[in-house]
Amino acid sequence: MPDMRFAPPNPLRIADRASGLNAVSVRSYNERLVLSLLLQKDRTTRLEIGERTGLSAQTVSVLVRSLEQEGLVAKGAAQKGRIGPPTTPILLNPEGAFSVGISVGRRHTDLVLIDFVGKVRFHATVPNPSTGPGSNHSAFLATISKAIDLLPETARERLAGVGLALPQSVHDARDQEAHFQALQEEIEAQLGISVFIQNDVTAAASGESLFGAAKPFTDYMFFYLGAKLHGRLVLNHQIHKGNSELSFDVGIDALERALAARGAPLEPLWNRSGNWSIYGDLLRDWQERLIEQMARSLAGVSQFVEIETAVVSSYAPQEVCQDICRGLEGAVPGTRVIAGNLLPSPKAIGAASLPFTSRFTVE
C-alpha cells in the first residue's frame, strides 16, 4: 500500500520548559524548538527562549540569526521603558511559510491558503472531489493551483505543503480511505506538493490551538459544531479523541430536520452569511438541547479531570455561537466558554496548520 503521511494529531506545542540540545549536529531540532515557541506565542525574546528551552544564550543567538536569515522569523520593534537596554522581541515572519488547507465536507469542500501566522490569503468553496466517470479532480486541482499562483514566484518555494482534513464515516471507511488516498497521490503527483492527512475535527482543534481562540489555553474541552456535535479533550496542549469517533446527533442536522418539519426555509442554514434569527423558537429549542448535551459531556469529563474552559468551534454564524457559549456558561457555572474565531472555515484552516506542525515543530 502506498505511503500515507498522516499528520500528527496534536498541535505539538511544547511544555513550559523543554530540553534543548547545544550540539551542532542537532541544530535542526533546536530550530524547531524555537519555532514551536513562536507558534505557541505571538512573540518572545532571546531571554525567554533560553529560559524555556535550557539552551545557552550563545546558542539561542545563533539559532535566531539562522532562522532570521532563512526568513522564518523577524525582529519586532524594540520595547523601551524597562530597566536596562531595550528588549527586541522575536516573532514569526508571516511571509516565512505558506500552507494550503482542504476540508472535505458532506456538502462541499473548503480550500484556504494561509501564511505563517494563520492569516487567510485565499478561500474558495468548491464541489467535493468526485470519483469514477466524470471526475472533477482536474477542476479541484486547478483551484489549488489558483491559490498557489497568488503567491509571488519567490514565495512559492516556501509552501510547506497541503493539509487534507477528512470526515470519518463508520459505514464506508474503506471506500473513503481508497478515494482520499487516490486524491492525495494525485495532488502530490500533479502539483509536486506533499499532502498531510488528518481527521477533520482533530484538525479543527489543532487550528484553534495554533491560530485561534484556544491559543492561550493549556487544558480545555473542544467542541466542534457541524452536522453533528463532536468533542475533543485537550490536556497540556495535546488533543485526545478517545478510542472511538464519538458524535452526538444534536448538531445542525438536527436543527435542519426540525425546520423541515415546520416547512421553514433551509437556505440560510448552510449559508455562512445566513440569518438564523428568522428561526425564532425553533432555534432556541435546538440550542437548549445542544447545550444540555455539551453540559453532560463536560460533566462526564469532570469526573476524571478538572476543566475550566471550553471552546466551541463552528461554521455557524458568530452570533449563534456566542449565544451557545453564554448558554453553556449558565448551564455549567465556573466554566469559561469561548467561541472559536477561525473564519471562514475552521476545518480548512486547521488542515492548513498540519504542514506547519509537521515541518516546523518538535514532537
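Reading helices, sheets and burial in a predicted model

User: Where does Pro333 lie?

Analyst: Pro333 sits in the loop between H9 and strand E14 (336-339). Helices (H or I, at least four residues) and strands (E, at least two) are DSSP runs, numbered from the N terminus. This is a predicted model, in which local features need pLDDT of at least 70 and side-chain atom pairs count only at pLDDT 80 or more, while totals for chains, interfaces and linings use all residues. Residues are numbered from 1 along each chain as its sequence is written, and side-chain values use heavy atoms, with hydrogens and water left out.

User: Is Pro333 buried or exposed?

Analyst: Buried means under 20% relative accessible area, exposed over 50%, and partly exposed in between (1.4 Å probe, protein chains only). Pro333, with a relative accessible area of 69%, is exposed. Its C-alpha atom is separated by 9.6 Å from that of Glu308, 25 residues apart along the chain.

User: And Ser313, buried or exposed?

Analyst: Ser313 has a relative accessible area of 1%, so Ser313 is buried. Ser313 belongs to strand E13 (residues 309-314).

User: Which residues does Ser313 touch?

Analyst: Contact means heavy atoms within 4.5 Å. Not counting residues up to four places away in sequence, Ser313 touches Glu208, Phe222, Phe223, Tyr224, Leu225, Gly340 and Pro346.

User: How do I read the crossing of helix H8 and helix H9?

Analyst: Axes are lines fitted to C-alpha atoms, for helices over the stretch in contact, and angles run from 0 to 180 degrees between N-to-C directions. For H8 (residues 280-302) and H9 (residues 318-331), the axes come within 9 Å and cross at roughly 50 degrees. H8 is therefore oblique to H9; angles under 35 degrees count as roughly parallel, over 145 as roughly antiparallel, 65 to 115 as roughly perpendicular and the rest as oblique.

User: Which residues make the contact of H8 and H9?

Analyst: H8 supplies Trp286, Gln287, Leu290, Ile291, Met294, Ala295 and Leu298, and H9 supplies Val320, Asp323, Ile324, Gly327, Leu328 and Ala331. By class there are 10 nonpolar, two polar and one charged residues. Ala, Val, Leu, Ile, Met, Phe, Trp, Tyr, Cys and Pro count as nonpolar, Asp, Glu, Lys and Arg as charged, and the others, Gly among them, as polar.

User: What does H7 meet in H8?

Analyst: Ile252, Ala254, Leu255, Ala258 and Leu259 of H7 meet Leu282, Leu283 and Trp286 of H8. That contact has eight nonpolar, no polar and no charged residues.

User: In what order do the five strands of the open sheet stand?

Analyst: Strands of a sheet pair through backbone hydrogen bonds, either parallel or antiparallel. Two strands pair if DSSP finds at least two bridges between them. Here the order is E6-E5-E4-E7-E8, with mixed pairing. E6 (120-126) and E8 (195-199) stand at the edges with a single partner strand each, so one side of each has no neighbour in the sheet. From one strand to the next, the twist averages 15 degrees.

User: How many bridges join E4 to E7?

Analyst: Five bridges join E4 (residues 98-104) to E7 (residues 159-166), and the two run parallel. Gly101 has Gly163 of E7 as its bridge partner. Helix H6 (residues 200-211) packs on the sheet and touches E5 (109-115), E7 and E8; its direction makes about 105 degrees with that of E8. Helix H10 (residues 346-360) lies across E4, E5, E6, E7 and E8, at about 130 degrees to E7.
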